[in-house]
Structures are given as C-alpha cells and as structure tokens.
Amino acid sequence: MKDLFYGFLNIIMVLFVICCITWVIQGNDFFLYKTFAPAQEQVRRETFEQSKAYNQGMIQELQNMQFEYIKATDSQKDALAAIILHRAADYDMDNLPTDLRQFIQKLRRGER
C-alpha cells in the first residue's frame, strides 16, 4: 500500500516538475519577447518604409491627392490640403518627384 502511495506521489511530483519547467520556459520566452520585440519591430518598419512598394504607393497616393486638389473647389481645397500635409508629414521629401515636392512645399507655405 505504501508503494502505491509513493508511486502516486512520484507521478504527481513529476507532473509538477514538468509544469514548472514549462512555465519557466514560456515565462522566459515572454520576457525575451518583451525585451527584444520593440527593436525587431523598429527594424521591420524601417525595412518596409525603404521598400519600393511603399515608396511607389506613397507617391501614387500623393499624386492622386494632388489631382483631386487641383479639381476641388476653394472650400474643398483647405480640407484636402490638411489631409495631404498629414499624409506627407513623416515621409522623406527627397523620395518624391520634383513637381510633387514643390506642390507639398507650396501647401506648407499656405499658398493655393
């Protein structure tokens, strides 16, 4: 009877140790993720922002907005200018074509 009790106790202890080891591994993984994830995300974002697809998409979107701005009435131009300036705020102006760069600089100066 004692052997059965100690056998059962040993099985419970083994399961408890396995649970503890699993928690330590998962917990460490969480802490490592918490430490290194922001740096990895920053690198991923910078890589994306340097990609050809991102740059072409941004240029195309700003050119479409420029076209809409040109077609707009005076009351619509103020709203469109705010949207265009907001979209172009964090974008590197050196990547833009000359005409689009001049258009955005004109909007920044408040010219129509």
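Look at how helices α2 and α3 cross in this predicted model: the crossing is left-handed. Their axes come within 10 Å, and the crossing angle is roughly 165°. Helix α3 covers residues 74–88. An angle over 145 degrees counts as roughly antiparallel, and α2 and α3 are therefore roughly antiparallel to each other.

Now stay with α2 and turn to its other partner, helix α4, which is made of residues 98–108. Here the axes lie 11 Å apart, and the two helices pack at an angle of about 60°. That makes α2 oblique to α4. As for handedness, the crossing of α2 and α4 is left-handed.

What about α2 itself? This helix takes in residues 52–71, which is 20 residues.

Next, see which parts of α2 are hidden. Its buried residues are Asn-55, Met-58, Ile-59, Leu-62, Met-65, Gln-66 and Tyr-69. These residues cover an arc of only 125° around the axis, which puts them on the same side of α2. On the face turned away from the buried side of α2, you'll find the exposed residues Lys-52, Ala-53, Gln-60 and Lys-71.

Over in helix α3, pick out Ala-82. With 47% relative accessibility, Ala-82 counts as partly exposed, because that value falls between the 20% and 50% cut-offs. Ala-82 and Leu-107 are 25 residues apart along the chain, and their C-alpha atoms are separated by 8.7 Å.

Finally, how many disulfides does a search of the whole structure find? It turns up zero. A disulfide is a covalent bond between the sulfur atoms of two cysteines. Cys-19 is in no disulfide, and the nearest cysteine sulfur to its own, that of Cys-20, is 7.0 Å away. Seen from the other end, the closest cysteine sulfur to that of Cys-20 is the one in Cys-19, and 7.0 Å is too far for a bond; the cut-off for a disulfide is 2.5 Å. Are these two cysteines buried or exposed? Cys-19 counts as exposed, because its relative accessibility is 53%, while Cys-20, at 34%, counts as partly exposed.

Conventions. Residues numbered from 1 in each chain as written. Predicted model: local features only at pLDDT ≥ 70, side-chain atom pairs only at ≥ 80, totals over all residues. Heavy atoms only, no water. Helix = DSSP H or I, 4+ residues; strand = E, 2+ residues; numbered from the N terminus. Expected span 1.5 Å × (residues − 1). Buried < 20%, exposed > 50% of the residue type's maximum accessible area, 1.4 Å probe, protein only. Arc of directions from axis to C-beta. Axes fitted to C-alpha atoms, helices over the stretch in contact; angles between N-to-C directions. Parallel < 35°, antiparallel > 145°, perpendicular 65-115°, else oblique. Left-handed = near helix turned anticlockwise from the far one by under 90°.
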